[in-house]
Amino acid sequence: MKRFTCAELRYYDGKEGRPAYVAFGGKVYDLSSSFLWRGGRHQALHSAGEDLTEALREAPHGAELLERFPVVGELVEE
Amino acid sequence: MARVAREMVEKTGINVDQLVELLVKNAAAELTTYYYYTILRCNLIGLDGETIKEIAEVARIEDRNHFEALVPRIYELGGSLPKDMKAFHDISGCPPAYLPAKIETVEDILKVLVEAERCAVRQYTYICNLTAGKDHRTYDLALSILHEEIEHESWFSESLGEGPSGHFMRRGETSPFVSKFLK
């Protein structure tokens, strides 16, 4: 499984044709196919290419919605 | 724009541009749901489908009412709707409630309906959390819509056999909570 640092993850911001990846709980998910992550933005609040572990605690949904998408790697320390 | 009304919200620390974007996304979700529910309702046929059709119709009309109720608040806060309907569709806060490619039972349509309502419940819960105690007018609007979305979810959830919710189908006028914003 591919390993991403936070700096590497930032490349996958969903813009200009790049995939939309986000990290949660140490896993990196590919949300490129999600209607709700078009253009790498989600609900006016979140951007792809980021670790959303903390942000998801405030979200009106749990990790179960992320789990519908493929895991493409894991997030590691810089 | 209602300048002072916007200033009052800004003073609470809410990012008003972000809030307006959320309201526009939800207005898009409501109007597109109204459209997609039209197709879903048309396909609720047969003995099982007919039992759901009237409920789906009430949810469809109430979702259109939610769109109508949201629009003034968007403009009061200095926002606007996109001029391009296609762009409006694509920024929706909820995925399109497409007619399933293959319909074997009414449950296939009910699953689309309940998922759409669950998305709406999440959306308005979030807006209520964001605005509670700060932006009273948006909170009141989002809470009123939330009341109706939760009832919609309950109707479809019960029809899917997920258990009782204590709700009954709408009696009397549609949008009992949101109608005060439509007068």
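**Ground rules**

I number residues from 1 along each chain as its sequence is written, and chains are lettered from A and ligands numbered from 1 in the order in which they are written. Since the model is predicted, local features need pLDDT of at least 70 and side-chain atom pairs count only at pLDDT 80 or more, while totals for chains, interfaces and linings use all residues.

**Entry 1: strands of chain A**

I took the strands from DSSP (E runs of at least two residues, numbered from the N terminus; helices are H or I runs of at least four). I called two strands paired if DSSP finds at least two bridges between them.

I began with β2 (residues 21-24) of chain A and found four bridges to β3(A), running antiparallel. Here A23(A) has V28(A) as its bridge partner. The hairpin of β2(A) and β3(A) has two residues between the strands, and G25(A) takes a positive phi near 55° there.

Next I followed β3 (residues 27-30) of chain A to β6(A); three bridges pair them in the antiparallel sense. K27(A) is opposite E74(A), and V28(A) is opposite G73(A).

Which way does β1 (residues 2-4) of chain A run against β6 (residues 71-75) of chain A, parallel or antiparallel? I found them parallel, with three bridges. R3(A) has E74(A) as its partner in β6(A).

**Entry 2: a loop in chain A**

I looked at the loop between β4 (41-42) and β5 (46-47) of chain A, where Q43(A) sits. Q43(A) is not a glycine, yet has a positive phi of about 55°. A44(A) lies in that loop too. Its phi is positive, about 65°, and A44(A) is not a glycine either.

I then checked burial (20 or more other C-beta atoms within 10 Å means buried, 12 or fewer exposed, in between partly exposed; C-beta atoms are placed from the backbone).

**Entry 3: helices of chain B**

I noted first that two packed helices are described by the angle between their axes and the distance between the axes. Axes are lines fitted to C-alpha atoms, for helices over the stretch in contact, and angles run from 0 to 180 degrees between N-to-C directions.

How far apart are the axes of α3 (residues 46-76) of chain B and α5(B)? I read 10 Å, at an angle of about 20°. The two helices are therefore roughly parallel (under 35 degrees; over 145 is roughly antiparallel, 65 to 115 roughly perpendicular, the rest oblique).

I listed the contacts (C-beta atoms, placed from the backbone, within 7 Å). D48(B), G49(B), I52(B) and A56(B) of α3(B) meet V106(B), L110(B) and L113(B) of α5(B).

I also looked up K86(B), in helix α4 (residues 85-90) of chain B. With 7 C-beta neighbours inside 10 Å, K86(B) is exposed. K86(B) is 68 residues from Q18(B) in sequence, and their C-alpha atoms are 21 Å apart.

**Entry 4: where A meets B**

I counted eleven residues from chain B and eight residues from chain A in the contact. On the chain B side, α2 (16-42) and α5 (106-131) each give two or more residues. α2(B) gives the most, with four residues.

Technical notes. Contact = placed C-beta atoms within 7 Å.
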